[in-house]
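Open the structure in your viewer and keep the selection tool ready. This tour goes from one stop to the next.

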Amino acid sequence: MSFPARKSVVQAQPLIAVRDVRTSSRWYGQPLGADSLPEHGNRDVYDRILCSDRLLQLHAWDAENHPNLVDANAPPPGHDVVL
């Protein structure tokens, strides 16, 4: 018995830690032709941009007690991806 091929529904949703979420959102969004979320009260800490049905998340360093997003000046080796 064979089954039809299944299309994966899981997509990566990269999260990039940045010093200035608003500026970074414009910097990534303009060349990608991406759409930002409508204005929201948490924009200085977090934003998402959507480009061709792909999501890119931006999050401020040292905000909201995220243990992986602390000390922008000294991430340890192997700390996720360095851009």
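With which side chain does the side chain of Gln-57 make a polar contact? Select Gln-57 and Tyr-46: their side chains make a polar contact at 2.7 Å. A polar contact is a pair of N or O atoms within 3.5 Å; within protein, one must be able to donate a hydrogen and the other to accept it, and residues adjacent in sequence count only if both atoms are side-chain atoms.

The model is predicted: local features need pLDDT of at least 70, side-chain atom pairs count only at pLDDT 80 or more, and totals for chains, interfaces and linings use all residues. Residues are numbered from 1 along each chain as its sequence is written, and side-chain values use heavy atoms, with hydrogens and water left out.

Stay on Gln-57. Its relative accessibility is 15%, so Gln-57 counts as buried (under 20% relative accessible area; exposed is over 50%, partly exposed in between; 1.4 Å probe, protein chains only). Now show what touches Gln-57, leaving out residues up to four places away in sequence: among them are Pro-14, Leu-15 and Asp-47. Contact here means heavy atoms within 4.5 Å.

Next, select Asp-47 and Arg-43, whose side chains meet in a salt bridge (3.2 Å, N to O). A salt bridge is a side-chain nitrogen of Lys or Arg within 4 Å of a carboxyl oxygen of Asp or Glu. Both Asp-47 and Arg-43 are buried.

Last, select Asp-44 and Arg-22, a salt bridge with its closest N and O atoms 2.6 Å apart. Asp-44 counts as exposed because its relative accessibility is 54%; Arg-22, at 30%, counts as partly exposed.
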